[in-house]
Amino acid sequence: MFKKILIANRGEITVRIIQACRELEIRTATIYSEADSKSLHVRLSDEAYCVGPPEASKSYLNIPKIISIAKEIGADAIHPGYGFLSENADFIRACDKAGITFIGPSAETVELMGNKTAARDLMSKNGVPITPGNTAPVKDLSDAKNIVSDIGLPIIIKAAAGGGGKGMRIVRENNELEEALSLAQNEAGKAFNNPSVFIEKYIEAPKHIEVQIFGDKYGNYVHMFERECSVQRRHQKVLEEAPSLAITSETREKITKTAIEAARACNYYNAGTIEFLLDEDGSFYFMEMNTRLQVEHPVTELITGIDLVKEQINVAAGNKLSVEQADISFRGHAIECRIYAEDIDNNFTPSTGKIYHHKLPSGPGIRVDRGIDVLTDVPIYYDPILAKVITYGVDRKEAIARMKRALGEYKIVGVKTNIDGFRWIFDQESFLSGKYSTNFLTKEFIPLIPDKWKNPPDEEYLSAVYLLSAYLKNSESKLKPSQNNNSSHNRWSDQNND
Ligand code: MV4
């Protein structure tokens, strides 16, 4: 088993991985940028190393620096968390080259699933249902017109080199196709440095259902049931739950079997998630595969009792899966709310600052995975997720009641958060009945709360906010004595055991 794991991430997921390592008695090393020098993950890890300036490109995405720290400190494995380098095939190859185990799938699988058209082609050839459409990049306008005449309107144009909604365009009339195609190609080129796009039949008001799968290096596969992630804002998940009210036991049997076929088709090992679109008639279609541990993994952990991070470490170390499918069942219901540092009264602009007060909710059925503590800073440079509140109940009603209580008890002072935005969600009949779709926040929420969710800040506005705060930060740091940023923080080392 590994002796020391370097966690190449920050925030709540790094704290979560430290907790799993602690229980497995594996030493932890973390990295931090200059903006995170006083953060919780630095304080909780056995060792911590400054990896560079605040900008992610110079710190948490700095592959050579991270690899050299891992080699220098004798880490035998690296856990990437989610985001940052977690789905970067070059990083996995750099780990392989350095003889350091990457806690995740192979570089080939990550590369393959990152190419959305190749992924669709592979799935379709392996009996996994995909939405009608093409499985190769659109050649030109006439190619697009042929596809549209084959599958019929409406259609959706998607980027082949990236997911998450960037570069997506919906086309409902033939005369919109030409402009939508060039807009989608431009956006895809800007976002992913690859203008390739493909076309699918557009599913009106789908649900986002995803299945947790796990493979080991011996060809064994299991699933850990589904999660529903339909409450999203601008393709950013906000609330997730397991199991899904929309999934009957018959559909569950089919969709979980299909998810395992998808994992087998790409020789997957470690934790992965197959994302599906569920239509109102109960049919489901492969959307994409996430080749990493997901933010929302705790809802699966709570209904199955399986620690997914420990299982990741177990499989990465070359062991067989510690569970067989017959051993995996679920009971009860779990819900997760993502707590973001954003000003929901000001178009969700990111909120930064120092946490002056932090009071956690507690009591039966409440879990909080958090990356913040009192006196830690919330910088502008990274994804604004602060914490996740996850509740468990014998049924969905109890999980919702506990979530409402937990959100009422959770106090964060120092930055604005979206906590109050959830109250509305739990009062909506469409949510309470489970009959909501991915249109929930856009269709139902927007008209009711004018301005709060209506005009999201455009990218230019956000980049101006980022630039201004970076400038202010830079001018502020010129006023302070420089601090030694290369010290290794080594609270648990032998010499400290006096
Ligand atoms: C779709 C779709 C309807 N039909 N594809 C793809 C990226 C993901 N973040 C959103 N995607 C969608 N793909 C077809 N053929 C609707 C969406 C969609 C969506 C899907 C799941 C959860 C939230 C969503 C919000 C808007 C659009």
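**View 1. Arginine 396 is tucked away, buried at a relative accessible area of 8%.** Here, buried means under 20% relative accessible area, exposed means over 50%, and partly exposed is in between (1.4 Å probe, protein chains only). This is a predicted model, where local features need pLDDT of at least 70, side-chain atom pairs count only at pLDDT 80 or more, and totals for chains, interfaces and linings use all residues. Residues are numbered from 1 along each chain as its sequence is written, and side-chain values use heavy atoms, leaving out hydrogens and water. So who is the partner that forms a salt bridge with arginine 396? That's glutamate 241, with the closest N and O atoms 2.6 Å apart; a salt bridge is a side-chain nitrogen of Lys or Arg within 4 Å of a carboxyl oxygen of Asp or Glu. Glutamate 241 sits in strand E11 (residues 236-242) and arginine 396 in helix H12 (residues 396-409), so their contact ties together parts 155 residues apart in sequence. Helices (H or I, at least four residues) and strands (E, at least two) are DSSP runs, numbered from the N terminus. Glutamate 241 is buried as well, with a relative accessible area of 1%.

**View 2. Seven residues share one salt-bridge network, and Glu210 is among them.** Across the whole structure, a search turns up 37 salt bridges.

**View 3. Glutamate 23 and lysine 310 meet side chain to side chain in a salt bridge.** The N to O distance is 2.5 Å. Because glutamate 23 belongs to helix H1 (residues 11-23) and lysine 310 to helix H11 (residues 308-316), the pair ties together parts that are 287 residues apart in sequence. Glutamate 23 counts as exposed, at 52% relative accessibility, while lysine 310 is partly exposed at 25%.

**View 4. Arginine 43 and aspartate 373 make another salt bridge.** This one comes in at 2.9 Å, N to O. Arginine 43 is in helix H2 (residues 40-44) and aspartate 373 is in the loop between strand E19 (366-370) and strand E20 (377-378), so the pair ties together parts 330 residues apart in sequence. Arginine 43 is partly exposed at 36% relative accessibility, and aspartate 373 is buried at 16%.

**View 5. Now for the rings: the structure holds twelve aromatic pairs.** In phenylalanine 225 and phenylalanine 330, the ring centres are 4.8 Å apart and the planes are at 70°, so the pair is edge-to-face. Rings of Phe, Tyr and Trp (its six-membered ring) pair if their centres lie within 6.5 Å; planes under 30 degrees apart count as stacked, over 60 as edge-to-face and the rest as tilted. Phenylalanine 225 is buried, with a relative accessible area of 11%, whereas phenylalanine 330 is partly exposed at 28%.

**View 6. Tryptophan 424 and phenylalanine 440 make a tilted pair, because their planes are at 40°.** Their ring centres are 5.5 Å apart. Both belong to one aromatic cluster, together with Phe426, Phe431 and Tyr436. Tryptophan 424 is buried at 13% relative accessibility, and phenylalanine 440 is buried at 1%.

**View 7. Lysine 207 lies over the face of tyrosine 436.** The distance to the ring centre is 4.0 Å. A charge sits over a ring if NZ of Lys or CZ of Arg is within 6 Å of the ring centre and within 35 degrees of the ring normal. Arginine 233 does likewise with phenylalanine 348, lying over its face at 3.6 Å from the ring centre.
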